[in-house]
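Hello,

Here is the structure I promised to pass on. Have a look at it first, and my notes follow below.

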Amino acid sequence: MPARTVADFAASGLPVSLSCSACGRVQVPPPDVLDAAFGPDFDLVAHHREVSRRLCCAACGEPRPAVLLDAAAVAEPVADPARRRA
Ligand SMILES: [Zn+2]
């Protein structure tokens, strides 16, 4: 079963990445941070826009970083130009 919730991602070790459009950094918040902010049963796949709204870039403070979920965990794989080129 594909990972959907905070607890699913934590249990399977799948990264939840935040990509900042302002400084270009990609960060992976620790599962306990996501757990504290949203709770273990929060559906990251269905509500990734909510995640984006509530978090900001830890490096530069820019709000609404893009949320990148591991491609294996979502129905529609996140575009990844580097991998497509290979
Ligand atoms: Zn940033």
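This is a predicted model: local features need pLDDT of at least 70, side-chain atom pairs count only at pLDDT 80 or more; totals for chains, interfaces and linings use all residues.

Now the overall layout. The chain holds four helices and three strands, and from the N terminus they follow the order α-β-β-α-α-β-α. Of its 86 residues, 17% are buried. Among contacts between residues at least 6 apart in sequence, 60% link residues at least 24 apart.

Where do the nonpolar residues gather? The largest nonpolar core contains 13 residues, and Phe9, Val16, Leu18, Leu44 and Val67 have the most contacts inside it. Helix α1 (6–12) and strands β1 (16–19) and β3 each contribute at least two residues to this core. In soluble globular proteins, nonpolar side chains tend to be buried together.

Beyond its neighbours within four places in sequence, Val67 touches Val16, Leu18, His48, Val51 and Ser52. Glu50, which sits in helix α3, is 17 residues from Val67 in sequence, with 9.6 Å between their C-alpha atoms.

Arg64 is not a glycine, yet its phi is positive, at about 55°. With 17 other C-beta atoms within 10 Å, Arg64 is partly exposed.

Best wishes

Terms used: Residues are numbered from 1 along each chain as its sequence is written. A residue is buried if 20 or more other C-beta atoms lie within 10 Å of its own, exposed if 12 or fewer, and partly exposed in between; C-beta atoms are placed from the backbone. A nonpolar core is a set of buried Ala, Val, Leu, Ile, Met, Phe, Trp, Tyr and Cys residues joined through C-beta atoms within 7 Å. Two residues are in contact if their C-beta atoms, placed from the backbone, lie within 7 Å.
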